[in-house]
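Here's a walk through a two-chain model, taken piece by piece. Have the viewer open and follow along.

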Number of protein chains: 2
Amino acid sequence: MDVFGDRNSGNCLKVRYTADHLGLPYRWHELDLMAGESRTDAFLAMSPFGQVPVVRFDDGRTLAQSGAIIRYLARGSALLPEDAFAQAEIDQWMFWEQNFHEPNVAGARFQVFYRKEPVEARDPLKVERGEAALDLMNEALNTRDFFVGDGLTIADIALLGYTRLAPQGGFELDGRRALTRWIARCEDVLGLPALH
Amino acid sequence: MDVFGDRNSGNCLKVRYTADHLGLPYRWHELDLMAGESRTDAFLAMSPFGQVPVVRFDDGRTLAQSGAIIRYLARGSALLPEDAFAQAEIDQWMFWEQNFHEPNVAGARFQVFYRKEPVEARDPLKVERGEAALDLMNEALNTRDFFVGDGLTIADIALLGYTRLAPQGGFELDGRRALTRWIARCEDVLGLPALH
């Protein structure tokens, strides 16, 4: 399959983490988002959303939205357990990530990391909600090692994407011990270098 | 099951539409969000997210996030076809709805409908992105009757929630003919009164 993405995008990294962990081969196509490469006619023909990541399978079918992609790639693996309620709990965290965590944590990071604005210029509402999202995760991780069940699932991968990169958006993780231990645990399972 | 919700919330209506269509019985518990009823200790014990809807099943387990709830309720029905790629396409629309459509369309409506602010006071970025989301849906519906496959799925229900209520947020739907026809089509299948 072909993966169209940006190596600095947490949403795109979720696809890499999942495919690499499952040993699924892919060709990576790096796009320059700031140069409008996800808004060209050719790209919009693959996905009307005009966002990365997009996966094009070898039969020509395309799929967008990181959550949909990793849920599809992970089917039948331990990253997506068979139990219907476990899947529902995974979905719960993944939808929350896209609705509350990503718009704020990644939104604030976008200002600092992509637009090169100073940390002080971040949208205060995004900062407040991003901090609340990280607190909520830390609290949840006080009583469990992974978000659903006893092992790594795509719920962890979905949350790891931008949480691991949050310091690039001016968010401090060090005071959240359950969260930083969980990041290290995920990095260990996924074979990623420690970022912090 | 018990459903905790707000009858004016599009996210909560998705659960009603799904359960009613599938003939699943439930007890509805109406919460006053503006009075903080989704932030009490009792509510947060059911769901750390502090948002409606939340479903409590008869065995005591709870589930939050509208997308996760309707995907769980719909399993095995025509609202969630068995084909894995069809499910991935449904997920694609549902994640986009929560990440791009809902924060903007429902966000602008929140100002007008809940906070009673004038339409002119809406956040201009939410208005611009909300209009873009409605345009994207209208364009996609030029070539299909439903978002995935030939019949109503939870992708339609997820998108219907706030699209049907968009005029309450100052969004005009009348110029988007494919979109208004799709709303009427969904209302027909779901047995809902025409809102427009």
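B:Leu195 sits in the segment after helix H7 (177-190) of chain B, where helices (H or I, at least four residues) and strands (E, at least two) are DSSP runs numbered from the N terminus. At 42% relative accessibility, B:Leu195 is partly exposed; the scale here is buried for under 20% relative accessible area, exposed for over 50%, and partly exposed in between (1.4 Å probe, protein chains only). Leaving out residues up to four places away in sequence, B:Leu195 touches B:Arg164, B:Leu165 and B:Glu187, a contact being heavy atoms within 4.5 Å. B:Leu195 and B:Arg164 are 31 residues apart in sequence, with 7.4 Å from C-alpha to C-alpha.

A quick note on ground rules: this is a predicted model, so local features need pLDDT of at least 70 and side-chain atom pairs count only at pLDDT 80 or more, while totals for chains, interfaces and linings use all residues. Residues are numbered from 1 along each chain as its sequence is written, chains are lettered from A and ligands numbered from 1 in the order in which they are written, and side-chain values use heavy atoms, with hydrogens and water left out.

**Where the chains meet**

Chain A and chain B each put 30 residues into the contact. About 2,800 Å² is buried between chain A and chain B, and carbon and sulfur atoms give 69% of that; buried area is the accessible area (1.4 Å probe) that two parts lose on being put together, summed over both. A:Phe49, A:Phe85 and A:Phe95 supply 27% of what chain A buries against chain B, more than any other three residues.

What about charges and polar groups across the contact? Between chain A and chain B there are zero salt bridges, a salt bridge being a side-chain nitrogen of Lys or Arg within 4 Å of a carboxyl oxygen of Asp or Glu. The count of residue pairs in polar contact between chain A and chain B is six, both residues at pLDDT 80 or more. A polar contact is a pair of N or O atoms within 3.5 Å; within protein, one must be able to donate a hydrogen and the other to accept it, and residues adjacent in sequence count only if both atoms are side-chain atoms.

On chain A, the elements giving two or more residues to this side are strand S4 (62-64), helix H3 (66-73) and helix H4 (84-114). H4(A) gives the most, with 15 residues.

Over in helix H4 of chain B (residues 84-114) you'll find B:Asp91, which is buried at 3% relative accessibility. The side chain of B:Asp91 makes a polar contact with that of B:Arg71 (2.8 Å). Beyond residues up to four places away in sequence, B:Asp91 touches A:Ala68, A:Arg71 and B:Arg71.

**Salt bridges within the chains**

Over all chains the count is 24 salt bridges. Here are three of them:

| Pair | Closest N to O |
|---|---|
| A:Glu117 and A:Arg115 | 3.9 Å |
| B:Arg7 and B:Glu30 | 3.9 Å |

B:Arg7 is in the loop between strand S1 (2-5) and helix H1 (10-22) of chain B, and B:Glu30 is in strand S2 (residues 27-30), so this pair ties together parts 23 residues apart in sequence. B:Glu30 is partly exposed at 30%. In chain A, A:Arg27 is partly exposed, with a relative accessible area of 44%, while A:Asp58 is exposed at 64%. A:Asp2, A:Arg27, A:Arg56 and A:Asp58 are linked in a network of salt bridges.

Most residues other than glycine have a negative phi, and most peptide bonds are trans. Which peptide bonds are cis? One joins A:Val52 and A:Pro53, with omega about 5 degrees. Another runs from B:Val52 to B:Pro53, with omega near 0 degrees. B:Pro53 lies in the loop between helix H2 (41-46) and strand S3 (54-56) of chain B.

As for phi, B:Gln65 is not a glycine but has a positive value of about 75 degrees. B:Gln65 lies in the loop between strand S4 (62-64) and helix H3 (66-73) of chain B, and is buried at 6% relative accessibility. B:Lys116, also not a glycine, has a positive phi of about 60 degrees. B:Lys116 is exposed at 66%.
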